[in-house]
Amino acid sequence: MQMGLVDRIAACDDDVLTTRFRELELQRRSIEAEMAGIVREGERRALHTVDGHRSMKQWVTAQTNGPSADAARLRKLARAFDVVPELVDALSNGRIGVPQANEVARVTSNPRVRDQLDSMATTLLRHAE
């Protein structure tokens with residue numbers, strides 16, 4: 001009989017569970033960075049218009065069949081890559097988590113502080129780590 005996912009997880013010892021959990025978290029960070037990069041490039045190319053979508057937010061929602069709030073968050077992260085280029089490597093290399101990257105993205109979307117981020121980006125990412 002083939003074991004299901006829950007059974008395979010239950011069969012692992014504590015060290016294996018911990019190691020696998022850490023591996024998955026690093027993969028999640030890398031995947032999130034790549035997805036945001038695709039959204040950013042897709043926005044530059046107006047990829048959303050190919051399928052008749054009005055915006056990249058709608059395109060992302062259609063691709064993921066997820067809520068528009070998640071699409072908006074991913075789009076904000078994608079735009080933050082242009083404001084804080086170091087964010088791409090920090091997230092894709094796993095030095096910061098997805099929640100921290102989203103917080104950096106939230107800050108970069110504020111027009112009152114965006115122009116001050118050039119001098120603060122390194123410090124901001126260091127604190128995120």
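How are α2 and α3 oriented to each other: roughly parallel, roughly perpendicular or oblique? I shall begin with that pair of helices and then turn to the nonpolar core. Please bear in mind that the model is predicted.

The axes of α2 and α3 lie 10 Å apart, and the two helices pack at an angle of about 130 degrees. Angles over 145 degrees would count as roughly antiparallel, and those from 65 to 115 as roughly perpendicular; α2 and α3 are therefore oblique to each other. The crossing of α2 past α3 is right-handed. As for the residues involved, α2 contributes I38, V39, G42 and E43, which meet M56, W59 and V60 in α3.

In soluble globular proteins, nonpolar side chains tend to be buried together. Here, the largest nonpolar core comprises 24 residues, and L77, L87, L91, I96 and L125 have the most contacts inside it. Two or more residues come from each of α2 (14–45), α3 (56–64), α4 (68–83), α5 (86–92), α6 (98–108) and α7 (117–128). The greatest share belongs to α4, which gives six residues.

What does L77 touch, leaving aside residues up to four places away in sequence? Its contacts are E32, A36, L87, L91, A101, N102 and A105. Two of these partners, L87 and L91, are themselves among the core residues with the most contacts inside it.

Finally, a word on confidence. The chain averages a pLDDT of 93, with 98% of the residues scoring at least 70. Confidence is highest in α2, at a mean of 98, and lowest in α7, at 83.

Key: Residues numbered from 1 in each chain as written. Predicted model: local features only at pLDDT ≥ 70, side-chain atom pairs only at ≥ 80, totals over all residues. Heavy atoms only, no water. Core = buried A, V, L, I, M, F, W, Y, C linked by side-chain atoms within 4.5 Å. Buried < 20%, exposed > 50% of the residue type's maximum accessible area, 1.4 Å probe, protein only. Helix = DSSP H or I, 4+ residues; strand = E, 2+ residues; numbered from the N terminus. Contact = heavy atoms within 4.5 Å. pLDDT = per-residue confidence, 0-100. Axes fitted to C-alpha atoms, helices over the stretch in contact; angles between N-to-C directions. Parallel < 35°, antiparallel > 145°, perpendicular 65-115°, else oblique. Left-handed = near helix turned anticlockwise from the far one by under 90°.
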